[in-house]
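Me: I am new to this structure. Please give me a close look at a single part of it.

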Amino acid sequence: GPAEAEWLNLGPRHGENGRAVIAGHYDWEDNKPAVFDNLHKLLKGDQISIEDEKGVIMSFVVREIRIYGKDEVASDVFGSNDWKARLNLITCAGAWNKEKKTFSKRLIVFTEL
């Protein structure tokens, strides 16, 4: 749903070494708020915090923000070889395509613990 974000479980969990990835919606239909509606407002150096299911809070610093085409290869979002704990947040951006029911771009916020 619009208010939920989802961890992509093929990689590490947030706080573990490697690149954890969480995806969430932006600009939900009927003007309902979506979990990542404000993700585009983050700036390099901003701090974000997440809370896991056990109530553990972890803070991450934004180190880069990129916009990719919807079909552009973004392998750097998932892969890592520096053994640092990173968290990447993904949502939609760009123009809405009514026929395909998708946005034209993807916004990715790269962070590190």
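What volume does the largest pocket have, and which residues line the largest pocket?

Reply: First, the ground rules. This is a predicted model, where local features need pLDDT of at least 70, side-chain atom pairs count only at pLDDT 80 or more, and totals for chains, interfaces and linings use all residues. Residues are numbered from 1 along each chain as its sequence is written, and side-chain values use heavy atoms, with hydrogens and water left out.

Now the pocket. The largest pocket has a volume of about 320 Å³. A pocket here is an open set of points on a 1 Å grid over the protein atoms alone, where a 1.4 Å probe fits, with protein on both sides within 12 Å along at least five of seven lines. Grid points are joined across faces, edges and corners, and the volume is the space filled by probe spheres set on the points. Rolling a probe the size of a water molecule over the atoms shows where empty space is left.

Next, the lining, meaning residues with an atom within 4 Å of a point. Gly24, His25, Tyr26, Asp27, Trp28 and Glu29 are among the lining residues. Cys92, Trp96, Lys101, Thr102, Phe103 and Arg106 also line the largest pocket. Strand S5 (85-97) and strand S6 (102-112) are the elements that give two or more residues to this lining. S6 gives the most, with 3 residues. Strands here are DSSP runs (E, at least two residues), numbered from the N terminus.

By class, the lining has 5 nonpolar, 3 polar and 4 charged residues. Ala, Val, Leu, Ile, Met, Phe, Trp, Tyr, Cys and Pro count as nonpolar; Asp, Glu, Lys and Arg count as charged; the others, Gly among them, count as polar.

Lys101 lies in the loop between S5 and S6. Its phi is near 55 degrees, a positive value in a residue other than glycine. Lys101 counts as exposed because its relative accessibility is 65%. The cut-offs are under 20% relative accessible area for buried, over 50% for exposed, and partly exposed in between (1.4 Å probe, protein chains only).

Last, the setting. The chain has 0 helices and 6 strands. Its elements run β-β-β-β-β-β from the N terminus on. Buried residues make up 34% of the 113 residues. Along its principal axes, the C-alpha trace spans about 40 × 30 × 25 Å.

How values were computed:
Helices (H or I, at least four residues) and strands (E, at least two) are DSSP runs, numbered from the N terminus.
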